Amino acid sequence: MTTTTGSTGPAAAERLRRWRMVLGGDSADGTGCSLTGQDAAMDGALAALYGTDGGPSRTGRTGDRSAGLGASAPSVARWLGDVRTYFPSSVVQVMQRDAIERLGLSALLLEPEMLEAVEADVHLVGTLLSLNKAMPETTKETARAVVRKVVEDLEKRLATRTRATLTGALDRSARINRPRHRDIDWDRTIRANLKNYLPEQGTIVPERLIGYGRASQSVKKEVVLCIDQSGSMAASVVYASVFGAVLASMRAIDTRLVVFDTAVVDLTDQLDDPVDVLFGTQLGGGTDINRALAHCQSRITRPAETAVVLISDLYEGGIRNEMLKRVAAMKASGVQFVTLLALSDEGAPAYDREHAAALAALGAPAFACTPDLFPEVMAAAIEKRPIPVPDTA
């Protein structure tokens with residue numbers, strides 16, 4: 001870095017301080033600036049993670065810093081306390097993920113003290129679920145508490161809008177065209193017949209009557225969530241479990257939730273508690289989409305009133321042609337079929353493009369979906385209108 005000679009004053013000093021924080025303070029940073037107080041503590045927390053011996057520093061060089069977290073829970077707990085003190089929650093979550101991935105700290109999450117210190121988010125839940133089978137009994141209750149906190153936060157964020165959006169879709173899809181007088185939706189009937197307005201009579205001839213459905217008499221729609229629980233789908237599993245619980249709470253929707261790797265597990269009877277659903281998953285296995293879809297297909301009783309949502313990156317370990325034939329058969333029977341390559345906020349996922357193109361050719365769109373878009377996707381599927389596929393260009 002080149003500095004301008006003669007630059008003095010508070011503004012120049014602040015620029016040097018910022019560059020020093022960015023570059024990391026090794027001998028080649030060129031700032032000649034030292035840090036004190038909180039700046040030094042923040043730099044130490046960053047150096048412990050991004051400047052370890054043999055690992056890349058923030059400047060991209062290797063082995064030029066000498067800090068580290070070590071392999072002990074106490075040192076990691078202290079570091080977690082530091083980063084929560086000096087950085088906002090969103091940055092803390094990124095640093096925690098980096099620490100788990102770069103420094104191999106997954107094993108330390110099996111200790112209750114560590115779990116109590118971390119900033120809980122969807123990614124941490126995914127890590128905990130992948131460690132579920134190895135987790136000692138002393139840690140499981142703490143882990144469940146961490147997972148429950150994240151799930152409850154997600155429900156607060158997502159449930160109200162999801163219920164409102166889908167209730168509207170259910171009402172619209174339930175409208176009938178031969179209603180009895182008491183069931184006529186006059187607003188929609190008038191709008192549908194405006195072309196039949198007779199000016200001389202000052203009236204509309206209602207050639208087409210539109211009525212309200214009677215949702216209370218029976219379940220109108222069936223939704224099947226079929227979730228790939230391979231390790232790469234961790235965040236999607238978390239969000240899908242929360243949405244599954246929200247859908248199951250709606251009396252007009254009969255919801256089924258199925259998770260799969262090379263085996264298939266039906267978790268429908270646990271949908272009243274998404275935490276139980278999550279701990280019923282086993283992240284990290286292989287993938288047999290065809291077998292999972294065979295299970296879902298066998299449970300469909302009213303194809304024309306059913307939406308199947310496959311959540312998978314489509315890296316199929318089973319029989320590809322059979323999978324595609326099964327999707328085609330479901331669509332031909334009247335099932336609304338949607339494939340979500342991811343259900344998360346993580347951006348564009350890796351996925352099998354050949355399989356995605358083959359599904360699209362069958363009229364089953366395959367795309368990544370954010371949690372905020374999911375209610376609109378489900379509403380479109382329920383109403384049998386075009387799915388709002390996001391523009392990824």
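Me: What makes a pair of atoms a polar contact?

Reply: A polar contact is a pair of N or O atoms within 3.5 Å; within protein, one must be able to donate a hydrogen and the other to accept it, and residues adjacent in sequence count only if both atoms are side-chain atoms. This is a predicted model, where local features need pLDDT of at least 70, side-chain atom pairs count only at pLDDT 80 or more, and totals for chains, interfaces and linings use all residues. Residues are numbered from 1 along each chain as its sequence is written, and side-chain values use heavy atoms, with hydrogens and water left out.

Me: What makes the pair serine 312 and aspartate 228 a polar contact?

Reply: Their side chains are 3.0 Å apart, and the limit is 3.5 Å, so the pair counts. The serine 312 side chain also reaches the backbone nitrogen of leucine 314, at 2.9 Å.

Me: Why is serine 312 called buried?

Reply: Its relative accessible area is 0%. Buried means under 20%, exposed over 50% and partly exposed in between, with a 1.4 Å probe and protein chains only, so serine 312 is buried. Serine 312 sits in the loop between strand 6 (306–311) and helix 12 (320–332); helices (H or I, at least four residues) and strands (E, at least two) are DSSP runs, numbered from the N terminus. Its contacts (heavy atoms within 4.5 Å) include Met233, Phe260 and Leu340, leaving aside residues up to four places away in sequence.

Me: What makes a set of residues a nonpolar core?

Reply: The members are buried Ala, Val, Leu, Ile, Met, Phe, Trp, Tyr and Cys residues joined through side-chain atoms within 4.5 Å. The largest such core here has 81 residues, and Leu109 and Leu340 are among those touching the most other members. Helix 7 (residues 137–173) gives the most to this core, ten residues. A second, separate core has 23 residues, including Ile300 and Met323.

Me: How many cavities of 30 Å³ or more does a search of the whole structure find?

Reply: Two. A cavity is a set of points, on a 1 Å grid over the protein atoms alone, where a 1.4 Å probe fits but cannot get out; lining residues have an atom within 4 Å of a point. Points are joined across faces, edges and corners, and a volume is the space filled by probe spheres set on them. The largest cavity holds about 70 Å³.

Me: Which residues that line the largest cavity are closest to its centre?

Reply: Leu80, Gln96, Ile100, Met114 and Val118, out of ten lining residues.

Notes. 1 Å grid on protein atoms, 1.4 Å probe; cavity = no way out; pocket = protein on both sides within 12 Å on 5 of 7 lines; lining within 4 Å.
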